[in-house]
Amino acid sequence: MSDHSASTLHTSRIGDAETAGDSIVFLHGLFGRGKNFTRIAKDLAPEYLSLLVDLPNHGESEWTDVVDYRQMADSVAESLRAGVAADGPVAVVGHSLGGKVAMVLALRHPDLVSRLIVVDIAPTQAGGAEGEFAHLLDSLAAVDLSAIERRSDADEALKEPIPWDTTRQFLLQNLRSGPDGYTWEPNLELLRTSLDAIGGFPDAGGATFERPVLWVAGGRSDYVRDENTATMRALFPKTHKVTIREAGHWVHSQAPQKFVEILRGFLEHS
């Protein structure tokens with residue numbers, strides 16, 4: 001089931017609201033879409049109803065003029081308040097860019113969030129990841145879409161700049177065919193010019209989130225560092241950190257069974 005909320009965010013649901021005990025909201029990372037969490041959501045059913053959100057400038061959600069974490073968090077809050085969180089707070093899972101949105105959501109709208117799960121990101125500057133993201137965005141933008149007749153053509157065009165098959169296939173999920181040919185769903189130009197904002201984190205203005213927080217790091221990723229711990233705990237005093245050693249940055253796709261196991265344990269006992 002899919003819908004567009006008043007805040008122009010596209011969402012889809014997995015699970016049955018009548019049989020599920022709790023709701024979980026999933027916020028994806030840069031280049032992602034809500035459906036990236038489909039496997040995780042299915043593994044959590046039927047006990048949980050999952051809401052998969054396409055963040056602004058991604059998937060089927062509308063484009064905006066700027067990339068701003070407060071605006072994104074407020075858009076998610078509007079959608080939740082009118083939907084799955086209408087009767088009370090819900091658990092929120094956010095990965096990477098979505099993890100920052102989830103943290104800002106919890107700090108600005110704590111009444112909507114019962115528990116927070118932040119996946120492989122910290123409430124700080126990105127730590128040099130902008131160069132990697134710039135390369136990927138430039139590579140996608142350089143594809144001559146007018147010459148693309150099938151998805152495999154785009155795959156071939158990206159093999160030289162992006163030789164990693166799993167990364168390339170992940171990015172190609174954003175390619176859509178329509179009556180006028182192929183287009184990229186994400187707002188590539190805005191994302192490319194907004195990498196400083198994406199890599200940053202807004203001032204919390206003294207706000208803290210006092211409910212349970214699970215901080216999941218990938219053991220083969222450097223997005224979460226020891227020096228981030230003090231900042232994280234200052235904003236989120238009830239933070240419990242777990243590292244999945246075999247996973248890189250895309251924890252939920254690289255170690256899905258372990259991720260679900262840890263998620264279930266946190267949701268059931270926090």
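**Close-up views of a predicted model**

**View 1. Strands S9 and S10 pair side by side.** Strand S9 (residues 213-218) and strand S10 (residues 239-244) run parallel and are joined by 6 bridges; strands pair if DSSP finds at least two bridges between them. Helices (H or I, at least four residues) and strands (E, at least two) are DSSP runs, numbered from the N terminus. From S9 the chain passes through helix H9 (residues 229-235) to reach S10, in a right-handed β-α-β crossover (clockwise from the first strand over the helix to the second, with the strands pointing away from the viewer). Opposite Leu-214 you will find His-240 in S10.

This is a predicted model, in which local features need pLDDT of at least 70 and side-chain atom pairs count only at pLDDT 80 or more, while totals for chains, interfaces and linings use all residues. Residues are numbered from 1 along each chain as its sequence is written, and side-chain values use heavy atoms, leaving out hydrogens and water.

**View 2. Helix H2 packs against helix H3.** The axes of H2 (residues 69-82) and H3 (residues 97-108) lie 8 Å apart, at an angle of about 70°; axes are lines fitted to C-alpha atoms, for helices over the stretch in contact, with angles from 0 to 180 degrees between N-to-C directions. The two helices are therefore roughly perpendicular (65 to 115 degrees; under 35 is roughly parallel, over 145 roughly antiparallel and the rest oblique). Residues of H2 including Tyr-69, Met-72 and Leu-80 meet residues of H3, among them Leu-97, Val-104 and Arg-108; contact means heavy atoms within 4.5 Å. By class, this contact has 10 nonpolar, no polar and 4 charged residues (Ala, Val, Leu, Ile, Met, Phe, Trp, Tyr, Cys and Pro are nonpolar, Asp, Glu, Lys and Arg charged, and the others, Gly among them, polar).

**View 3. Helix H5 crosses helix H6.** The axes of H5 (residues 151-158) and H6 (residues 165-172) come within 11 Å and cross at roughly 135°. That angle makes H5 oblique to H6. Arg-151, Ala-154, Asp-155 and Leu-158 of H5 make the contact with Arg-168, Gln-169 and Leu-172 of H6.

View 4. The cis bond joins Ala-45 and Pro-46, with omega about 5°. Pro-46 sits in the loop between helix H1 (38-44) and strand S4 (48-54).
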